[in-house]
Amino acid sequence: MSNFLRACRGEPVDRIPVWFMRQAGRSLPEYRKARAGVPMLDACRRPDLVVEITLQPVRRYGVDAAILFSDIVVPLHAVGVPIDIKPGVGPVLDTPVRSRADLAALRRPEPDDLAPIDQAVRGVVASLPPDVPLIGFAGAPFTLASYLIEGGPSRHHERTKALMHSDPELWHDLLARVADISADFLVTQVQAGARAVQLFDSWAGALSAADYHQFVLPHSAAVLAAVADLDVPRIHFGVGTSEFLGMMADAGAEVIGVDWRLPLDQAAERAPGRAVQGNLDPALLRADWTVIEQQIQRIVDEGRAASGHVFNLGHGVLPSTDPEVLARVVDTVHSATP
Ligand code: CP3
């Protein structure tokens with residue numbers, strides 16, 4: 001079994017596995033070339049482009065896992081939600097979801113809706129080296145709901161939080177629908193050959209632990225439960241979620257994602273029995289190499305406190321990152337003693 005899957009399962013590794021969130025993307029010249037003239041959501045529906053872009057960082061860096069080139073809003077788009085991804089902005093929609101009548105837009109996917117995903121994943125798996133597993137992913141219900149309710153990226157998530165507290169019944173119905181859509185997206189990827197999954201709750205750190213517990217946790221748990229019997233390790237990731245990391249682990253995850261705020265040994269204490277992933281601050285990839293090297297060593301040392309350690313950044317690769325630096329990070333992690 002690959003070092004990545006072994007680390008996720010808390011089994012011994014001969015090398016610390018490493019991959020990067022957003023490893024395929026604007027920091028790579030070959031990505032910019034492949035995407036030229038193709039809108040993001042069109043690219044996600046083209047299996048030839050998905051295969052090429054997913055494989056680019058595997059070829060360039062020798063990372064231990066690939067992550068499907070897609071987006072958290074792809075399954076919403078696939079069921080007809082009028083959503084787009086604006087370059088440099090993120091997901092936007094002209095008709096936000098804010099009332100009970102608006103829920104009709106969130107229908108469950110038919111198999112045909114997700115056929116381009118199924119085809120793309122099969123193509124990726126057939127093209128990857130056999131020892132490099134593919135990670136499938138989905139957006140967690142809260143992060144997706146925030147885009148749907150706000151109509152785009154939001155700093156304060158104020159409409160989302162207001163709806164959550166003012167109309168809890170509508171809130172729970174909305175999140176249950178989004179959870180079903182994300183679950184189907186994940187199951188499709190696993191059935192087509194993805195060997196691990198990651199649930200991204202990027203904006204959950206905007207919430208208090210109490211609100212996370214009451215309004216979000218049951219819906220994220222439902223998504224993770226949908227793949228519980230499929231024998232794939234589940235990674236649960238959020239940014240700014242240190243205060244409720246234990247709850248995120250309890251939602252049903254073998255691996256807990258950690259941003260740059262909390263050292264991995266403390267993360268391991270908060271999520272007992274789980275493997276840990278993350279922690280290198282993506283902004284520090286612009287610092288001098290000696291700084292980066294010290295950070296890598298610190299993270300390797302602190303990662304030993306957990307049952308398993310997957311090296312990663314604390315959030316996605318920034319577009320301004322020099323790919324040469326990422327290549328050096330991979331080599332340095334691979335030469336470290338596990
Ligand atoms: O390499 C990978 O990590 C796999 C592909 C991937 C993308 N988006 C491709 C993408 C993954 C896993 C995502 C997840 C995603 N999408 C999240 C969760 C992870 C995170 O970063 O917090 C979120 C919040 C989104 C929503 C979204 N889509 C944002 C915020 C953006 C960036 C907007 C921008 O242009 O800066 C997107 C667009 C997007 N998704 C791009 C990529 C490569 C950029 C598209 C482009 O090249 O213009």
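Reply:
**Pockets, cavity and ligand**

Let's start with the second largest pocket: 13 residues line it, and V13, S307, G308, H309 and P338 lie nearest its centre. (On a 1 Å grid over the protein atoms alone, a pocket is an open set of points with protein on both sides within 12 Å along at least five of seven lines, a cavity is a set where a 1.4 Å probe fits but cannot get out, and lining residues have an atom within 4 Å of a point.) This is a predicted model, where local features need pLDDT of at least 70, side-chain atom pairs need 80 or more, and totals for chains, interfaces and linings use all residues. Numbering runs from 1 along each chain as its sequence is written, and side-chain values use heavy atoms, without hydrogens and water.

The second largest pocket has a volume of about 170 Å³ (the space filled by probe spheres set on grid points, which are joined across faces, edges and corners). Its lining splits into 7 nonpolar, 4 polar and 2 charged residues (Ala, Val, Leu, Ile, Met, Phe, Trp, Tyr, Cys and Pro are nonpolar; Asp, Glu, Lys and Arg are charged; the others, Gly among them, are polar).

Now for the largest pocket, with a volume of about 1,200 Å³. Of its 39 lining residues, R22, R26, M40, D71 and G90 are closest to its centre. The lining of the largest pocket is made of 22 nonpolar, 12 polar and 5 charged residues.

And what sits in the largest pocket? The ligand does (more than half of its atoms lie within 2 Å of the pocket's grid points). Around the ligand are 26 residues, with R22, Y31, D71, S202 and H315 the closest (each has a heavy atom within 4 Å of the ligand). The shell around the ligand has 16 nonpolar, 6 polar and 4 charged residues.

A backbone N or O atom of G88 is 2.8 Å from a ligand oxygen, one of A24 is 3.2 Å from a ligand oxygen, and Q23 has a polar backbone atom 3.3 Å from one.

L41, C44, R45, V74, H77, D113, P116 and I117 line the largest cavity; its lining counts 5 nonpolar, 1 polar and 2 charged residues.

Key: Polar contact = N/O pair within 3.5 Å; in protein donor to acceptor, adjacent residues only side chain to side chain.
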